[in-house]
Amino acid sequence: MARETKTRGELQKLVLEEARKSGKCTARTEVLVTGPFPSRELTWDIMRRNRPATLSADCAAEIDNVVRRLQVMFDLSGD
């Protein structure tokens, strides 16, 4: 089953909205979507290196959970 495609900006917005809704990432202002990765099952990810020192472990874990859930639902368009 083909997944719906989203632009980088749309995916970034979705990740942030979902993470903020959890209450664990209320101050988080950005995530960086990487990809597309056409040879992989999941065509996008987020930059995990160089996370700010102020990012709590709870927020980092919540962002990772949100990304995993959205990766199953959406592919990154070739933007």
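## Ground rules

Residues are numbered from 1 along each chain as its sequence is written, and side-chain values use heavy atoms, with hydrogens and water left out. Since the model is predicted, local features need pLDDT of at least 70 and side-chain atom pairs count only at pLDDT 80 or more, while totals for chains, interfaces and linings use all residues.

Helices (H or I, at least four residues) and strands (E, at least two) are DSSP runs, numbered from the N terminus.

## Helix H1

H1 has 14 residues, and its end C-alpha atoms sit 20 Å apart, which agrees with the 20 Å it should span at 1.5 Å a residue (expected span: 1.5 Å times one less than the number of residues). Leu 11, Val 15, Leu 16 and Ala 19 are buried (under 20% relative accessible area; exposed is over 50%, partly exposed in between; 1.4 Å probe, protein chains only). Down the axis, these buried residues fall within an arc of 130 degrees, so they line one face of H1 (the arc is that of the directions from the helix axis to the C-beta atoms).

Lys 13 and Lys 21 are exposed on the face turned away from that buried side. Cover for the buried residues includes strands E1 (4–6) and E2 (33–34), plus H2 and E4 (contact: heavy atoms within 4.5 Å). Just after H1, Gly 23 takes a positive phi of about 85 degrees.

## Helix H2

H2 covers residues 57–73 and reaches 25 Å from first C-alpha to last, close to the expected 24 Å. Its buried residues include Cys 59, Ile 63, Val 66, Val 67 and Leu 70, and also Glu 62 and Asp 64. Among the elements covering them are H1 (8–21), E3 (45–46) and E4 (74–76).

## A cis proline

Gly 35 and Pro 36 are joined by a cis peptide bond, with omega about 5 degrees. Pro 36 is found in the loop between E2 and E3.
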